[in-house]
Amino acid sequence: MKIVQISDTHLTAAGGPTEDAFRLLSQHLNDDVRPDLVVHSGDIQVLDPDDAADRARSRELLDLIHAPLLVIPGNHDVGMPGMNAWAGISVTDQRIDAHVAAFGPDHWRHDTEEAVLLGINSELLGSGLQLEADQWSWLEQTFGDLPEGRPVLLFLHKPLWSVTDEPGDHQVDIGPVARDRLLSLVERVDLRAVGCGHLHRYRQVQRGRTIEVWAPATAFLAVVDGELPDSRQELGYVEYTVAGDEVSAEFRLVPGMPQLTVDDIPEIAAAIQTMTAAV
């Protein structure tokens with residue numbers, strides 16, 4: 001079984017380089033890779049989760065991918081938890097409802113003959129919303145009801161394990177409280193891979209029988225507070241192979257995709273200006 005994880009596409013109704021990159025990615029997946037399944041691990045739209053035009057355009061562009069597609073939200077899709085949310089955009093019921101209406105459930109279980117895939121909304125963790133409690137209840141039930149003998153792959157936007165020793169301005173992983181609770185649940189199953197996005201770079205770390213995978217962005221390279229050792233700062237995607245009880249992952253480049261920084265994308269500056277003017 002071949003599974004592709006894409007992340008941090010940052011698509012906007014204004015078009016521009018992030019859309020160009022996504023079109024290259026879609027064509028490459030459709031014509032060359034032909035995966036059995038694609039998972040988008042969040043930050044689908046450019047910056048502002050309240051921009052309905054960005055959300056609608058992102059939905060249209062995702063339909064370019066021919067393979068079955070599963071989506072989980074990132075902080076730029078639904079807001080983020082914590083006191084220091086980026087640009088003050090906190091996760092809310094209304095933002096999650098808008099995301100779900102466009103892209104489907106914000107957490108899900110997908111069973112195949114080869115593996116079980118789980119996707120969760122990392123932006124709920126630590127939010128205190130009732131939707132967070134509902135997701136924890138779903139997780140408790142789901143982890144208690146998984147079939148034996150099939151590897152489990154878990155996807156979320158923010159990393160499960162701690163990213164840096166020193167806290168940054170904004171939350172870059174799910175935090176210690178949610179991490180400990182989630183790890184206590186995954187001990188019950190044959191967890192073979194955890195795939196996240198958010199950091200705009202690729203890394204793979206072996207944690208027991210589980211591989212932790214950071215998926216690169218397709219939109220632009222980004223600077224993250226703190227040192228991120230052993231990570232690859234290039235745009236691309238991740239290709240997972242499930243063969244029996246073995247799960248592996250590899251970084252892949254998209255032919256012809258330029259390695260852009262945020263300074264190469266004027267639509268980012270325009271989106272920030274629009275958000276600032278609305279405050």
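Predicted model: local features only at pLDDT ≥ 70, side-chain atom pairs only at ≥ 80, totals over all residues.
The protein chain has 279 residues, and its radius of gyration is 17 Å. A compact globule with that number of residues would come near 19 Å, so the two values agree. Along the principal axes, the C-alpha atoms fill a box of roughly 50 × 45 × 35 Å. Seven helices and 11 strands make up the secondary structure. Buried residues account for 56% of the chain. The accessible surface is about 11800 Å², and carbon and sulfur atoms contribute 48% of this area.

Six strands form an open sheet with mixed pairing. Their order is β4-β5-β6-β7-β9-β8. β4 (108-111) and β8 (203-207) each have a single partner strand, so these two stand at the edges and one side of each lacks a neighbour in the sheet. On average, neighbouring strands are turned by 15° against each other, direction ignored. Helix α5 (residues 130-143) packs on this sheet. The helix touches β4 and β5 (116-119), and its direction makes about 170° with that of β5.

Strand β9 (residues 210-214) lies between β7 and β8 in the sheet order. Its two pairings run in opposite senses. β8 and β9 are antiparallel and share five bridges. One of the bridge pairs is Val 205 with Glu 212 of β9. β7 (residues 191-196) runs parallel to β9, and four bridges join them. Here Gly 195 has Val 213 of β9 as its bridge partner. β8 and β9 also form a hairpin, with two residues between the strands. In the turn, Gly 208 has a positive phi of about 65°.

Cover over β9 extends to five of its five residues, which are buried. In a regular strand, side chains alternate between the two faces of the sheet. In β9, Thr 210, Glu 212 and Trp 214 point one way. Ile 211 and Val 213 point the other way. Residues on both sides of β9 are buried.

Helix α4 (residues 93-103) has a buried side and an exposed side. Arg 95, Ile 96, His 99 and Phe 103 are buried. Seen down the axis of α4, these residues fall within an arc of 95°, so they line one face of the helix. An α-helix has 3.6 residues a turn, so residues three or four places apart point the same way. The buried residues of α4 pack against α2 (52-62), β3 (69-71), α3 (75-78) and α5. Gly 104 follows the helix, and its phi is positive, near 100°.

Conventions: Residues numbered from 1 in each chain as written. Heavy atoms only, no water. Pairing = 2+ DSSP bridges. Axes fitted to C-alpha atoms, helices over the stretch in contact; angles between N-to-C directions. Contact = heavy atoms within 4.5 Å. Buried < 20%, exposed > 50% of the residue type's maximum accessible area, 1.4 Å probe, protein only. Arc of directions from axis to C-beta. Rg over C-alpha atoms; globule rule 2.2 N^0.38 Å. Areas by Shrake-Rupley, 256 points an atom, 1.4 Å probe, with all protein chains shown as cover.
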